[in-house]
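Subject: Structure for your files

Hello,

Here is the structure I said I would pass on. My notes on it follow below.

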Amino acid sequence: MIEAYLTWWSGGLCLTAVSLGFWVLERRTLGISGAVERVVFWRADRAARDAEVAMAQGALEFQAAMLAATMAEFGGDCSEEASVPEDRRAQERAPLPPLASGIRPPTSAHLAFMAFMAVGGFLGALLKGDLALRTTLGTSFDNLVGVGAPAWAVLFLGGTMVGFGTRMAGGCTSGHGLVGCARLQPGSLLATVVFFGTGIGVSLLLGSLR
Amino acid sequence: MTLQHTRVALLGTGMGLTLSLVGFSDWGEVHHMFTFADLRLTLVFALTVVLSGLGFRLICGPGCFARQPLHKGIVPGSILFGAGWALTGACPSIGLVQLGEGRLPALISLAGVLVGTFAYRKVHARFFGWERGGCGI
């Protein structure tokens with residue numbers, strides 16, 4: 001085991017920067033399991049996004065048609081009043097943040113986020129000086145869960161429970177645990193108490209079995 | 001690569017790097033967190049929640065604190081997730097970080113996560129059908 005981990009406060013500061021940075025840059029809240037679902041069902045996600053884009057474009061065209069019809073009805077006089085000020089036009093041309101525009105991010109953005117999380121892990125291992133291809137999750141895992149095929153079966157089953165459970169609960173450690181709790185969402189507080197409690201129970205059980 | 005891809009790439013790298021450097025990707029450290037052998041990761045988690053809460057108050061305001069409804073999936077889903085997290089250490093982002101660090105068994109956990117995610121949507125559509133809410137992505 002490496003003793004060169006960040007202190008609790010510097011780790012907390014860095015994670016806070018990520019969770020708040022995500023809101024500042026993306027105008028949506030951090031959530032990994034939701035991103036995983038969008039990637040798994042990428043075809044449905046792409047279709048939904050196409051529909052949202054068409055809807056947004058339709059609204060702009062509708063607005064333009066209404067303005068043209070109004071001008072046709074009441075003459076060109078109202079064009080000055082009705083015309084949108086130049087600075088607002090510039091604002092509308094600028095790419096809007098996803099939430100404000102009502103258009104979801106493309107599936108590839110979720111995929112990029114997930115891929116670069118692995119890049120972050122790679123850089124972390126490089127900095128810690130323990131980058132290596134390993135066929136085990138560590139000695140504690142080998143001692144408590146096992147090695148070889150039985151351990152792989154536990155990993156696959158456990159992973160399935162993580163995928164199924166996070167989507168059933170509507171969030172994971174990031175969406176419910178970090179961001180949901182920070183936003184004092186009752187559902188997130190409940191989810192966090194339950195998944196932490198179950199994690200504690202299962203871990204204590206693992207320890208007592210060996 | 002658009003601007004948005006560059007932004008999420010930076011955020012993803014920052015998150016993966018932090019989780020790696022703080023030890024969340026180490027199965028033994030997560031086990032120590034769950035068995036109260038070491039409170040460091042618990043404190044990382046708690047500090048992030050408190051600081052993010054203050055941050056959301058400042059930069060987002062009451063909009064971020066509007067109550068979202070509870071749904072029937074929260075408790076059973078979180079039980080499954082908590083058990084799976086304790087077994088694999090994948091939460092699920094940690095699985096990606098483990099993979100980046102060269103820990104190959106994470107591939108099996110991640111395969112499970114994909115299968116579970118796929119299965120839930122099918123099961124949900126067939127049997128449950130309640131409003132899932134979600135974490136707002």
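Most of helix α1 of chain B is covered, with 14 of its 20 residues buried. This is a predicted model, and the notes below should be read with that in mind. The helix runs over residues 3–22 and spans 29 Å from its first C-alpha to its last, close to the 28 Å expected at 1.5 Å a residue. After α1(B) comes B:Gly23, which has a positive phi, near 100°.

Next, the interface. In chain B, 102 residues are in contact with 111 residues of chain A. Between them the two chains bury about 10000 Å², and carbon and sulfur atoms account for 75% of that area. Three salt bridges are counted between chain B and chain A. B:Arg7 makes a salt bridge with A:Glu26, with 2.6 Å between the closest N and O atoms. On the side of chain B that touches chain A, at least two residues each come from α1, α2 (27–34), α3 (40–59), α4 (74–88), α5 (93–100) and α6 (106–128). By type, the residues on that side of chain B are 56 nonpolar, 36 polar and 10 charged.

Two residues are worth a separate note.

B:Ser93 is in helix α5 of chain B. Its relative accessible area is 2%, so B:Ser93 counts as buried, the cut-off being under 20%. Leaving aside residues up to four places away in sequence, B:Ser93 touches B:Met15 and B:Leu19 in chain B, and A:Ile32 and A:Met117 in chain A. The C-alpha atom of B:Ser93 lies 8.0 Å from that of B:Gly16, although 77 residues separate the two along the chain.

A:Asp45 belongs to helix α3 of chain A, which covers residues 42–74. A:Asp45 is also buried, because its relative accessibility is 3%. Which residues does A:Asp45 touch, not counting those up to four places away in sequence? They are A:Arg38, A:Arg104, A:Pro105, A:Thr107 and A:His110. With A:Arg104 there is a polar contact between the side chains, at 2.6 Å.

Regards

Notes. Residues numbered from 1 in each chain as written. Chains lettered and ligands numbered in written order. Predicted model: local features only at pLDDT ≥ 70, side-chain atom pairs only at ≥ 80, totals over all residues. Heavy atoms only, no water. Helix = DSSP H or I, 4+ residues; strand = E, 2+ residues; numbered from the N terminus. Buried < 20%, exposed > 50% of the residue type's maximum accessible area, 1.4 Å probe, protein only. Polar contact = N/O pair within 3.5 Å; in protein donor to acceptor, adjacent residues only side chain to side chain. Contact = heavy atoms within 4.5 Å. Expected span 1.5 Å × (residues − 1). Buried area = accessible area lost by both parts, 1.4 Å probe. Salt bridge = Lys/Arg side-chain N within 4 Å of Asp/Glu carboxyl O. Nonpolar A, V, L, I, M, F, W, Y, C, P; charged D, E, K, R; others polar.
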